[in-house]
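The reader is asked to keep the structure in view while following the text.

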Amino acid sequence: MDMLEQVKLDLRVDGTLEDDLIESLISAAEEEIKTASGKTKTADGKDIAVSPLYQTAVKMLVAHWYDNRGIEYVGKTAAPISHSAQMIIAKITTSKEYI
């Protein structure tokens, strides 16, 4: 199952109407994790995308952004990313399992 299908399953989205949006959010999440962590590969040289931890972080970020994509109003702040997602990204950043 590819990442789009996994994310749609997690989001409980049927059909293809929002595929472009979700694919864009997946790309943004992948870029965010790689940029924030500075890691692009697993310790054995494979692309970081094969890591279940990385895949979980991508899905969590996409779900957060998908659920909080509305317009912000003056005086309201954006919903923070979950502590769990932050911890996964911190693990990727500091772990020797990723380079």
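A polar contact is a pair of N or O atoms within 3.5 Å, where within protein one atom must be able to donate a hydrogen and the other to accept it. In this predicted model, such a contact of 3.3 Å joins the side chains of Gln-6 and Lys-59.

**The chain as a whole**

The protein chain contains four helices and zero strands. Read from the N terminus, the order of its elements is α-α-α-α. The C-alpha trace spans about 45 × 35 × 15 Å along its principal axes. Of the 99 residues in the chain, 31% are buried. Among contacts between residues at least 6 apart in sequence, 65% join residues that are at least 24 apart.

**Helix H1 and the residue after it**

Helix H1 covers residues 3–11, and its buried residues are Met-3, Leu-4, Gln-6, Val-7, Lys-8 and Leu-11. What covers these buried residues of H1 includes H2 and H3. An α-helix has 3.6 residues a turn, so residues three or four places apart point the same way.

Gln-6 lies in helix H1. Is this residue, Gln-6, buried or exposed? Gln-6 counts as buried because its relative accessibility is 17%, and the cut-off for buried is under 20%. Besides the polar contact with Lys-59, the side chain of Gln-6 reaches the backbone oxygen of Met-1 at 3.0 Å. When neighbours within four places in sequence are left aside, Gln-6 is in contact with Met-1, Gln-55 and Lys-59.

Glu-5 is also found in helix H1. With a relative accessibility of 46%, Glu-5 counts as partly exposed. Between Glu-5 and Ser-27 there are 14 Å in space, C-alpha to C-alpha, and the two are 22 residues apart in sequence.

Just after H1 comes Arg-12, which takes a positive phi of about 60 degrees. This is a positive value in a residue other than glycine. Arg-12 belongs to the loop between H1 and H2. Arg-12 counts as exposed because its relative accessibility is 74%, and exposed means over 50%.

Two packed helices are described by the angle between their axes and the distance between the axes. The table gives these values for two pairs.

| Helix pair | Angle between axes | Distance between axes |
|---|---|---|
| H2 and H3 | about 125 degrees | 9 Å |
| H2 and H4 | about 50 degrees | 9 Å |

How are H2 and H3 oriented to each other? With an angle of about 125 degrees, H2 and H3 are oblique to each other. H2 passes H3 in a right-handed crossing. On the side of H2, the residues that take part are Leu-21, Ile-22, Leu-25, Ile-26, Ala-28, Ala-29, Glu-30, Glu-32, Ile-33 and Lys-34; in H3 they meet Tyr-54, Ala-57, Val-58, Leu-61, Val-62, Trp-65 and Tyr-66. The residues of this contact of H2 with H3 divide into 14 nonpolar, no polar and three charged.

H4 comprises residues 83–94, and H2 packs with this helix at about 50 degrees. That angle makes H2 oblique to H4. The crossing of H2 and H4 is right-handed. Here Ile-33, Ala-36 and Ser-37 in H2 meet Ile-89, Ile-92 and Thr-93 in H4. The residues of this contact of H2 with H4 divide into four nonpolar, two polar and no charged. Ile-33 is listed both in the contact of H2 with H3 and in that of H2 with H4.

Thr-42 is buried, because its relative accessible area is 10%. The side chains of Thr-42 and Asp-44 are joined by a polar contact of 2.3 Å. Which residues does Thr-42 touch, not counting residues up to four places away in sequence? Thr-42 touches Asp-47, Ile-48, Val-50, Ser-51, Glu-97, Tyr-98 and Ile-99.

Technical notes
Residues are numbered from 1 along each chain as its sequence is written. This is a predicted model: local features need pLDDT of at least 70, side-chain atom pairs count only at pLDDT 80 or more; totals for chains, interfaces and linings use all residues. Side-chain values use heavy atoms; hydrogens and water are left out. Buried means under 20% relative accessible area, exposed over 50%, partly exposed in between (1.4 Å probe, protein chains only). Contact means heavy atoms within 4.5 Å. Axes are lines fitted to C-alpha atoms, for helices over the stretch in contact, and angles run from 0 to 180 degrees between N-to-C directions. Helices (H or I, at least four residues) and strands (E, at least two) are DSSP runs, numbered from the N terminus. Angles under 35 degrees count as roughly parallel, over 145 as roughly antiparallel, 65 to 115 as roughly perpendicular and the rest as oblique. A crossing is left-handed if the near helix is turned anticlockwise from the far one by less than a right angle, and right-handed if clockwise. Ala, Val, Leu, Ile, Met, Phe, Trp, Tyr, Cys and Pro count as nonpolar, Asp, Glu, Lys and Arg as charged, and the others, Gly among them, as polar.
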